[in-house]
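Happy to look at this one with you. Let's go through some labels and ask what stands behind each of them.

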Amino acid sequence: MLQRYRCPNCKSKLEIKRLFDLRYLLNCTKCSLSGIVLPSIDNQDEAYLSFLASYDKGQLPKDLKYEEVLQEEKVIRKENDIRRLVEDAGTALEKIPAPLRDALLSKSDYIVTYRIFEPQEPKFGCRPEEIPPIEPLSPSLKAIGIDRLYKFQEESCRAILDGKNVVIVAPTGAGKTEAFACPIIAKIHQEVSEAKLAGITASRVRALFVYPTKALTRDQIPKIENLAAPLGVQIAVFDGDIPKRERDKIIDESPDIIATNFDTVHAHLMNRTKFSFLLRRVKYLVVDEVHSYTGTFGTNVHFILKRLKRICGGFLWVAASATIENPKEFAQQLFGEEPELIESDQLRRSKMHFTMLFPSLRSHRSLALDLVEKTAKNNYGTIVFSSSHLGTELTAFYGRKRGINIAVHRAGLLANFRKTVEENFKKGLLTVIAATPTLELGIDIGRVDAIVSDLVPVTRLIQRTGRAGRRGQESLAFLVLRDSDPISQYYKNHPEDYFNDVEPGYIDPFNPVIADFHLLAASLDEPLKLNEFGEYENNIERLQKSFLLKQIRDKLFPDYKEVRKLLQNHNIRGIGESVAIKFAGKTIGERNMPLAMEELHKDAIYFLAGTRYRSKKFEFKSGAGYAEVERISPNYPYYTKALLDEWPTITHVFETKAVKGIEVSYCNLLIEKKVIGYVNIEIGKELGRGDRVMLEEPLSYKFTTKGFVFRAPMPKNALENSEEEEVDKTAMSAFHATEHVIIEGSNMITGGASQDMGGISLGTSGLIFVHDGTPGGNGASKALYDRLNKAYERGLKILSECPCSSISGCPRCTYSYRCGNNNEFLHKLAAKEVLERIRDGEETNVVEPLLGEKAIV
């Protein structure tokens with residue numbers, strides 16, 4: 001191995017650095033001779049030899065200095081270009097906040113785009129007193145500074161008062177709550193007054209306000225109480241965190257409005273509690289942050305709404321969202337009825353500086369931490385968002401090592417822990433929170449001045465950035481692209497497309513697993529009539545054959561003992577059997593299968609609340625399991641990623657269509673998933689592939705889900721140019737890379753749905769399966785199936801714009817950070833040919849998979 005690298009021009013020391021795209025940057029510290037090379041073998045010695053060869057051939061421009069080489073290769077921007085970006089946004093580099101200026105001039109990252117979002121007031125409507133039923137609320141509205149309603153608030157009030165179901169879309173802090181609360185409080189006040197005049201004094205629950213989290217419920221209630229209390233309209237929070245004595249009081253006194261969540265509604269309906277009987281007279285339902293109810297969670301909520309409507313006999317409903325691509329269509333799918341759409345024209349209430357950055361010379365996490373360090377140093381209250389719990393934990397882990405005052409806030413942590421984090425931030429005892437989407441919603445945690453976010457769809461980013469500047473102050477927002485992600489590379493070259501890729505909401509109303517659970521739950525709510533749930537006739541027939549439902553005269557009754565036992569562990573926010581995480585004899589968390597076996601197999605490293613654990617034992621039998629874990633040293637240098645094997649079996653085809661010339665079938669699938677081993681990933685070197693360790697006894701799990709399949713065209717040119725012994729490997733690598741780029745490259749087209757999907761390419765057959773990652777399905781693969789033509793086009797664009805010719809994987813075009821095969825078998829040029837053949841209309845048909853083909857996940 002070459003131990004020292006010398007400049008061929010002046011014999012001084014050469015510095016060598018690996019770039020995000022597997023190329024190497026070499027720079028002389030004395031004469032500034034610099035160059036970027038892509039060696040045939042990925043190591044520093046080969047890079048140095050390639051550099052020497054380029055020098056000998058006169059291919060290294062001697063008049064270009066280090067920074068100029070980086071600028072020529074679009075690794076960083078020229079300072080003049082950055083100044084122009086800032087000036088085009090309407091300001092000057094010297095006038096922008098210091099943390100932002102430092103970030104723009106860091107010379108370690110490519111500044112993709114910079115924008116200023118100026119505050120914008122929406123159009124005003126009428127005064128509250130101009131709508132007679134709202135008039136009694138005028139003093140309360142004036143007390144919070146509302147003399148005139150915004151136009152969308154007026155439209156909402158009039159529509160709800162007219163008895164229409166509505167979906168309201170308005171930014172965070174724009175007045176959504178007043179838009180739905182005022183007319184409902186007014187209607188309740190009117191009804192109560194009329195009842196008193198008629199001599200009726202019995203109290204009843206008339207409205208249900210449902211929020212996705214308990215924290216958000218408690219955050220919103222004071223605002224609603226300020227409007228309701230002066231009119232004598234009572235409101236109370238009812239959920240699992242309310243003490244029993246208080247719950248009993250709520251049941252006895254029956255307030256006019258109950259604020260809760262769907263978990264509570266579901267549990268009380270099927271257990272026929274006293275609270276469930278209060279719900280039978282609900283006339284108005286508000287579902288706030290409706291964009292939260294997508295995928296598996298949303299599918300469960302769809303059924304809970306059916307069950308609630310069944311016992312109420314119907315209600316007027318309101319859905320509210322900060323932003324979603326298809327609000328009217330999604331709300332109609334969720335509720336089963338068409339609403340009236342009401343939208344605000346407001347964008348932001350305060351000035352925000354937005355910057356999109358690509359980490360050229362470091363990892364995306366290193367960039368995010370550097371931004372957090374800059375904002376924290378300037379006393380900016382900051383939230384750094386990651387879309388996965390592992391990403392959040394790693395950010396906090398590295399942050400503490402840098403001395404940043406940071407804490408974790410994510411699902412899976414105890415409620416008291418999260419509450420303490422929120423309170424400490426609000427009091428100024430904590431500067432930075434590393435969060436998953438738990439803090440995307442409208443909860444007020446105090447003064448937030450800066451947001452640092454990983455790559456999410458623009459609608460989710462708007463939700464996240466809505467956390468900042470709520471006190472009217474100027475704020476910062478940074479979108480950090482990934483260094484090893486095809487779609488990040490795409491947005492680096494096409495930033496405008498990012499703002500046009502708006503997130504659609506999606507659910508799967510015919511998920512058989514979730515449908516079975518809720519049909520059984522509905523039978524516990526109230527025995528089923530024979531003509532109910534006609535669209536689920538096959539599910540009901542199956543449940544009867546399983547003796548879980550039994551017909552008695554004209555109704556279907558559950559086997560109460562067995563059904564309650566079956567439903568007791570059903571989690572509406574996820575699906576799949578649960579695995580308890582045990583430490584020192586106590587349960588400290590849980591994960592659902594099949595994800596549990598990927599994260600908690602023997603010797604897996606698992607993060608929880610900033611602490612790392614090693615799994616000592618994993619057991620799963622008869623629908624339940626546990627993992628025993630032990631703490632490891634904070635200095636342990638690795639974490640793990642599972643190696644997977646999957647085999648798909650088509651059990652039913654729902655529909656088939658042609659996309660260009662490719663036959664694509666959307667179908668029901670039986671997936672057999674195995675964890676066969678894992679790789680050790682060195683902390684700080686996430687781009688590497690890691691060392692493989694195979695499990696002595698692989699873990700296996702079968703589940704039924706939904707997905708689609710197509711047969712990719714053969715890359716004939718690439719195969720002809722391959723050595724005879726490499727032909728099969730080239731074909732497999734072409735199809736595996738095609739599967740990656742279709743899923744990862746289309747992530748924003750489908751609203752970030754790739755995290756809810758899995759993919760399998762079957763050997764040399766060309767068969768590519770894309771499936772929902774949860775048992776029964778979640779609608780994610782259907783979202784991609786419906787947009788597959790665009791996904792093919794974007795995938796080809798990503799591969800065409802990447803300068804690599806890699807036959808073994810490239811982080812900016814063919815890698816997937818979710819790959820269960822360690823990002824191996826990835827032939828870029830062959831995959832490009834596959835997508836070119838699709839573009840040109842080559843025809844293929846789906847065929848039965850042959851046993852013995854190597855499945856690559």
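What follows is a set of questions and answers on this predicted model.

Q: How many helices and strands does the chain have?
A: The secondary structure comes to 28 helices and 31 strands.

Q: Why is the chain called as compact as a globular protein of that length?
A: The globule rule gives 29 Å for 857 residues, and the radius of gyration of the chain is 29 Å, so the chain is as compact as a globular protein of that length. Along the principal axes, the C-alpha atoms fill a box of roughly 100 × 65 × 55 Å.

Q: What share of the residues in the chain is buried, and what share of the contacts joins residues at least 24 apart?
A: Buried residues make up 58% of the 857 residues. Among contacts between residues at least 6 apart in sequence, 72% join residues at least 24 apart.

Q: Why is Ser-254 called buried?
A: The cut-off for buried is under 20% relative accessible area. Ser-254 has 8%, so it is buried. Ser-254 sits in the loop between α9 (244-253) and β8 (257-260), and has a positive phi of about 50° although it is not a glycine.

Q: Why is Arg-553 called exposed?
A: Exposed means over 50% relative accessible area. Arg-553 has 72%, so it counts as exposed. Arg-553 too is not a glycine, yet has a positive phi of about 55°; its place is in the loop between β19 (549-552) and β20 (555-558).

Q: What makes His-736 a buried residue?
A: Its relative accessibility is 0%, and buried means under 20%, so His-736 counts as buried. His-736 is found in helix α25 (residues 727-745). The C-alpha atoms of His-736 and Gly-763 are separated by 8.5 Å, while the two residues are 27 apart along the chain.

Q: How do you know that the span of helix α1 agrees with its number of residues?
A: Helix α1 (residues 44-56) has 13 residues, which should span 18 Å at 1.5 Å a residue; the end C-alpha atoms are 18 Å apart, so the two values agree. Buried residues of α1 include Tyr-48, Phe-51 and Tyr-55, and the buried residues of this helix pack against β1 (14-18), β2 (24-28) and β3 (34-37). After α1 comes Gly-58, with a positive phi near 75°.

Q: How do the spans of α27 and α7 compare with what is expected?
A: For the 14 residues of α27 (residues 788-801), 20 Å should be spanned, and the end C-alpha atoms are 20 Å apart, which agrees. Among the buried residues of α27 are Leu-788, Tyr-792 and Leu-799. Helix α7 (residues 176-197), with 22 residues, reaches 32 Å from its first C-alpha to its last, close to the 32 Å expected. Gly-199 follows α7 and has a positive phi, near 80°.

Q: What is the peptide bond from Met-593 to Pro-594, cis or trans?
A: The bond is cis, with omega near 5°. Pro-594 lies in the loop between β22 (586-592) and α23 (595-600).

Methods:
Residues numbered from 1 in each chain as written. Predicted model: local features only at pLDDT ≥ 70, side-chain atom pairs only at ≥ 80, totals over all residues. Heavy atoms only, no water. Helix = DSSP H or I, 4+ residues; strand = E, 2+ residues; numbered from the N terminus. Rg over C-alpha atoms; globule rule 2.2 N^0.38 Å. Buried < 20%, exposed > 50% of the residue type's maximum accessible area, 1.4 Å probe, protein only. Contact = heavy atoms within 4.5 Å. Expected span 1.5 Å × (residues − 1).
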